[in-house]
Amino acid sequence: MRPLLITMGDPTGIGPELIVKTLLAGDLASLPLPVRVIGDIAALQQAGQIFGIVAKKTEEAGPIVCLDFNGHRLEVEACSSLSAANLNYGQPDHDCGRAMAAYIEQAARQCLNGSAHAMVTCPINKKAINAAGFSFPGHTEFLADRCGVKQVVMMLAGSSLKVCLVTTHLPLTAVAQQLSVETILTTLRITHHALQHQFALPRPRLAVLALNPHAGEEGLFGDEEQRLITPAIKAARADGIVADGPHSADTLFHFAVHEKSADAVICMYHDQGLIPLKLLHFDDAVNVTLGLPIIRTSVDHGTAYDRAGSGSASTASLCAALRMAATMSPQPFNGTDSKP
Ligand SMILES: NC(=O)C1=CN([C@@H]2O[C@H](COP(=O)(O)OP(=O)(O)OC[C@H]3O[C@@H](n4cnc5c(N)ncnc54)[C@H](O)[C@@H]3O)[C@@H](O)[C@H]2O)C=CC1
Ligand SMILES: NCC(=O)COP(=O)(O)O
């Protein structure tokens, strides 16, 4: 069976301890696929100490090492050799930045060449990784680049709400300029395709949010609804996609969640979708990149420096991301098959 890869993320964030915590709780052993961590031995051993465990190497075969955490075996592919003396929680140095990038690169390579089933990512510090020469806003854009895909969609999925973002990490002042009929329409098509083929929804209903208050109030508070969002919805509907909007963003979530009026909400910018999502599903939502030829899921949270090293971080999102990745099959979007 091909392994499920977990990238360790920021060695000075909560990634290493989340991995060890899920291991000790038996959550890795209960998955239907073997797990391999792409990370760093010293950082994982340091994470073991948080739980009072001195993890020892038991086997070594090339870059693959087995660490024993009190009888719980963890397979690790070491892609960095960080020095324990320099690993200070909340303070990633240049080597840590390079290491985070190396884990993602290696996991992507193995997913692309078919030797791994999927990759599940622990959080990175976007500033540290960029400072180390990784010029991407995050995993999402990096993976799109490595997979040769022009546009992907960041979805955050909780049991009662799924949000899909048209724009991701950029200044709020740049959002309106980044929106176009094409990017909104492609977001609708990729989301529709993924919900059909990866989430088993034969006829998914997409609710599209407005950008401006009161959906622009007929042009009084902005015209992106009339110029961009409505034409994109019309084009999607002409393709057979069930999409409606633009909806006032302050109201739509109530109906989407409490009356199940939509299977996914298409949001124009990051916080428009992630605030309601995390309010409802901070503990168990999964970040999944739609439109890739490989499977990538992730925790929904960041590096949590305020609690790194304490062992207190919840593993619920990581467990949900692992379960989703283990049971998902890749469904590349070819750009033309949006008709139901
Ligand atoms: N997929 C990724 O790699 C992501 C990376 N980040 C990065 O993380 C860094 C910190 O971002 P923030 O906005 O501060 O968000 P954050 O999620 O790291 O922290 C926000 C608050 O949530 C808490 N928290 C986070 N995860 C938790 C968990 N598993 N259990 C309990 N409490 C938890 C933290 O303690 C903190 O109080 C940034 O560098 C950001 O770029 C943020 C989100 C996703
Ligand atoms: N807030 C979500 C987030 O930052 C996800 O970023 P990434 O998965 O692209 O690294």
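User: Which residues does the UniProt annotation "binding site" cover here?

Analyst: According to the UniProt record, an unreviewed entry, "binding site" covers H169, H214 and H270. Do keep in mind that the structure itself is a predicted model.

User: Where is H214, and what makes it count as partly exposed?

Analyst: H214 sits in the loop between β9 (205-209) and α8 (224-238). A residue is buried with 20 or more other C-beta atoms within 10 Å, and exposed with 12 or fewer. H214 has 15 C-beta neighbours inside 10 Å, so it counts as partly exposed. Leaving aside neighbours within four places in sequence, H214 is in contact with F221 and S248.

User: And why is H270 called partly exposed?

Analyst: Being buried takes 20 or more other C-beta atoms within 10 Å. H270 has 19 such atoms within 10 Å, so it is partly exposed. H270 belongs to helix α10 (residues 270-281). Beyond its neighbours within four places in sequence, H270 is in contact with L165, T168 and H169.

User: What makes L195 buried, then?

Analyst: The same test, with the cut-off at 20 or more: L195 has 23 other C-beta atoms within 10 Å, so it is buried. You will find L195 in helix α7 (residues 181-197). Not counting residues up to four places away in sequence, L195 touches L201, P204, D263 and A264. L195 and A264 are 69 residues apart along the chain, with 8.6 Å between their C-alpha atoms.

User: V152 is in a loop. Why is V152 called buried?

Analyst: Here too the count decides: V152 has 23 other C-beta atoms within 10 Å, against a cut-off of 20 or more. Its loop runs between α5 (139-146) and β7 (153-157). V152 touches T140, A144, I190, T289, L290, G291 and L292, leaving out residues up to four places away in sequence. The C-alpha atoms of V152 and T191, 39 residues apart along the chain, are separated by 9.2 Å.

User: How do you know that helix α1 is largely enclosed by the rest of the structure?

Analyst: Of the 10 residues of α1 (residues 15-24), 9 are buried, so the helix is largely enclosed. The buried ones are G15, P16, E17, L18, I19, V20, K21, T22 and L23. Their cover includes β1 (4-7), β2 (35-40), α2 (41-50), β4 (64-69), β5 (72-80) and α11 (316-327). Just after α1, G26 takes a positive phi of about 85°.

User: What do the buried residues of α2 pack against?

Analyst: They pack against α1, β2, β4 and β5. The buried residues of α2 are A43, L44, Q45, Q46, A47 and G48. The residue G52, which follows α2, has a positive phi near 75°.

User: Which residues surround ligand 2, and how do they divide by class?

Analyst: Around ligand 2 are G138, H139, T140, L274, N287 and S298. They divide into 1 nonpolar, 5 polar and no charged.

User: What about the shell around ligand 1?

Analyst: That shell has 4 nonpolar, 9 polar and 4 charged residues. Of the 17 residues around ligand 1, P123, H301, G302, A304 and S314 come nearest.

Notes. Residues numbered from 1 in each chain as written. Chains lettered and ligands numbered in written order. Predicted model: local features only at pLDDT ≥ 70, side-chain atom pairs only at ≥ 80, totals over all residues. Near = placed C-beta within 6 Å. Nonpolar A, V, L, I, M, F, W, Y, C, P; charged D, E, K, R; others polar. Helix = DSSP H or I, 4+ residues; strand = E, 2+ residues; numbered from the N terminus. Contact = placed C-beta atoms within 7 Å. UniProt positions renumbered as here; feature names shortened; annotations may be inferred.
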